[in-house]
Amino acid sequence: MKKISSVLASLVLAVAAAAAQDRPEYIQFLEQNSMLFQADQVAGRVSGMGVQWREDFGVPKPLNLVQLASTWLLRYPASELTPEGASVVRSWSNPAFWAASGDIGIKLMRTNPTQRAGGIRGTEFTPTIDGYFDRIGLDVAPELGTEEEYRQMVANARQNGAVIGSDLVPLHSGLGPDFRLAQRAYKDYPGLYNMVQIAQEHWRLLPPVNDIWGMAHVSREAAAQLKQLGYIPGNIDSADADPEAKTWSGWSASAAIVGVDGQTHRWVYLHVFKPAQPTYNWLDPSYAAGRVNFGDLAHNIVDRGVPVVRLDADTFLGLEPQKGNDKASSYLTPLANVSTTDIAMAARKLGGFTYQEFAAPLQTLKQFATNGADMSYDFFTRAEVLYGLINGDALPLRLAHHFLLDAGIQSNTLVHDLQNHDEITFQLFELGSHGDFVFEGRPLNGQQLKGQILDTMRSTVGAAPYNRLYRPEKDGVATTFAGFIAPALGVADPYKATPEQVETIRRAHLMVAHANAMIPGVFALSSWDLVGALPVPVESIPAGLTAGGDWRWVNRGGVDLMGASSKTTTAVAGLPKAQALYGPLPQQLQDPNSFASRLKTMLAARKQYRISEATMNAVPPVNDPGVAVLVMTLPDSQNLAVTALNYGRKATSVEVDLTQTPPGIPAATLAGVGTVDVISGQSAGAVSATGGLKIDLEGIAGRTIVVQRQPQAAQAK
């Protein structure tokens, strides 16, 4: 009897909830909290205004972005440990932070998404399930701060000669007000999403969903039938990390919902990643997806004064059917290219910049980059920069830079990142796209070499008990950079590391920083890098975050960058404080041998010689397999810069024949030319009579040598 009463009570509540959702005041509540509504308000402040016509926008401007800010710092909101009583955004305005970051040489702080994210059930907002990448609003999430605090942070950055960078999430939203209005067939909200209304006669193909706020997976078989019936374009290959993702159709069904038209609707909608992340439809007559995202751009660039915006997962923005099977294309489609270009042009038109999270072969990048984003993430050398630490093999890194040059893609169009909020990817798209080829006189097979690299990573770094292999393919490892370096160099337990072991990790971390900073382009690092954070134990992470195999939270432990949060041990997302090998930033800047202080010296040299603006010329062959050498021409000069990296444990020497590297300088004009080590400021010897440059390297270390073909004063600014 008690059980029957409980069921009846649940039914009464369900009926009441269903009735409440139809009331005009509830629809108005949803609309005023929707992104489409908020974007329209922003459009009213931009449409028809001169702000649209002050900048040319047809062609990417990577050099302009590099000149604006060539060194970036990522601070992840879900991982911030704040002083007692201060919000995350307010803590980012700390004058002490801006003084310290300016001292190091940081010119842009990227906040990651800070807008409201998650979902809504009735009038209750539910929390983010994907680190604020499941956006449902344009304003700052209340648990992170306020719009006023955000604007103050932007102002503080400007006062210290820096800017703020943010994120655009053009692929999907959360299950927020926009989605709830789409379910109710309200105005043009259904046009915002890749969602389709299913006629009642075909509801038999849909899974049962009893919760009006819930959803359920559509089976691959049912999705194939829905394609045959002309409803959807077909099954997709989900990109989610859930172990079951390969069995998903990519489509989920909502419950039966009474719409504003008085009719009962059931919908299916596409999700490339998590089921609670419905994807946008970038080719709908309503152009709702463009309106939301362009409104978001204008809100950041015009309203907030945030000039740099990251485009998340832009390779998935298109969807179209394949002929002759039950599949649909959702990756690297022409529509994804066009949509990315639209966003990038809109940003430049308003005076801003975009950079894209682009993981694909280089020839595809060239297509996307023609008129698209100003810069792209360097997914092309990221794994290779770390890999050599495992076994001293620098071949993959030399090969990665060779591929870039061979494809005609300059490093100064890329953002070279240390740790970010994601796992360390070993997808190795470019290498895997090659069959048999010859490099440095050696026959290789790209797919076989990729397999060897993956096997080595999985059996060493991936096998460390505090790290987690990521995705069903296990082609990524969820860890911090310190958490990667420790097992690569044989530090068995970095949580109990001796001072000597900490120095070993720090030394390798600095060499990896050298490999990314002392080449052309943007150099980016994170709070986790600066403090030397280690992964947090899986059991210490709230279970809901790691559900579905999302192990990236182990590398997102709480960080107290400024050492001002002694009473706060848990971040906003419930993450525990990560163990930090290097310590807070103020403490490090008092020690000339610390990671931050040595990085400061490196970045000062980078700025002095304008290495970020240089042109990459060559990856010359070397006589030591553990060494990679990169030759560049510095801007506005004939001077060369040579960055050499030794992954070997022992000291070594290499000789670079500068006459055999573009631009092919004759030996006679090089003989006896002086050189300087840019970090020490000391002479590195002279070029030999035959045009050779000898470089002495310590074990696990990098050096950058400038060949001074013209006086430094003539080329430095």
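**Barrel, helices and salt bridges**

Guide: Start at one spot: Leu74 stands opposite Arg110 in strand 2. Keep in mind that this is a predicted model.

Visitor: What makes strand 1 and strand 2 a pair?

Guide: Two strands pair if DSSP finds at least two bridges between them. Strand 1 (residues 71-74) and strand 2 (residues 108-110) have three bridges, in the parallel sense. So they pair under the rule of at least two bridges.

Visitor: Which strands make up the closed barrel?

Guide: The barrel has eight strands, in the order 1-2-7-14-17-18-19-25, with parallel pairing. From one strand to the next, the twist averages 30 degrees.

Visitor: Which helices lie across strand 7?

Guide: Helix 10 lies across strand 7 (163-168) and strand 14 (308-311). Its direction is about 170 degrees to strand 7. Helix 11 (residues 334-349) lies across strand 7, strand 14 and strand 17 (353-356). Helix 11 runs at about 150 degrees to strand 17.

Visitor: Why does Thr111 count as buried?

Guide: Buried means under 20% relative accessible area. Thr111 has 0% relative accessibility, so it counts as buried. Thr111 is in the loop between strand 2 and strand 3. Beyond its neighbours within four places in sequence, its contacts include Arg75, Trp92, Tyr150 and Ser166.

Visitor: How do you know that strand 3 and strand 6 pair?

Guide: Strand 3 (residues 115-117) and strand 6 share two bridges, in the antiparallel sense. The rule asks for at least two, so they pair. The bridge partner of Gln115 in strand 6 is Val140.

Visitor: What makes strand 6 mostly covered?

Guide: Strand 6 (residues 135-140) has six residues, and five of them are buried.

Visitor: How many salt bridges are there in the whole structure?

Guide: A search finds 33.

Visitor: What makes Lys274 and Asp550 a salt bridge?

Guide: A side-chain nitrogen of Lys or Arg must be within 4 Å of a carboxyl oxygen of Asp or Glu. Here the closest N and O atoms are 3.5 Å apart, so Lys274 and Asp550 form a salt bridge. Lys274 is in the loop between strand 13 (267-270) and helix 10, and Asp550 is in the loop between helix 20 (543-546) and helix 21 (585-589), so the pair ties together parts 276 residues apart in sequence. Both Lys274 and Asp550 are buried.

Visitor: Is Glu698 buried or exposed?

Guide: Exposed means over 50%. Glu698 has a relative accessible area of 51%, so it is exposed. Glu698 forms a salt bridge with Arg507, the closest N and O atoms being 2.7 Å apart. Arg507 has 27% relative accessibility, so it counts as partly exposed.

Visitor: Why is Arg610 called buried?

Guide: Its relative accessibility is 8%, so Arg610 counts as buried under the 20% limit. The side chains of Arg610 and Asp636 meet in a salt bridge, at 2.9 Å from N to O. The pair links distant parts of the chain, 26 residues apart. Arg610 also has a positive phi of about 55 degrees, although it is not a glycine.

Visitor: Where does Arg471 lie, and what is its phi?

Guide: Arg471 lies in the loop between strand 23 (468-470) and strand 24 (476-478). Its phi is positive, about 70 degrees, and Arg471 is not a glycine. At 14% relative accessibility, Arg471 counts as buried.

Visitor: Which residues does a cis peptide bond join?

Guide: Pro662 and Pro663, with omega about 10 degrees. Pro663 is in the loop between strand 29 (652-657) and helix 23 (667-670).

How values were computed: Residues numbered from 1 in each chain as written. Predicted model: local features only at pLDDT ≥ 70, side-chain atom pairs only at ≥ 80, totals over all residues. Heavy atoms only, no water. Buried < 20%, exposed > 50% of the residue type's maximum accessible area, 1.4 Å probe, protein only. Helix = DSSP H or I, 4+ residues; strand = E, 2+ residues; numbered from the N terminus. Axes fitted to C-alpha atoms, helices over the stretch in contact; angles between N-to-C directions. Contact = heavy atoms within 4.5 Å.
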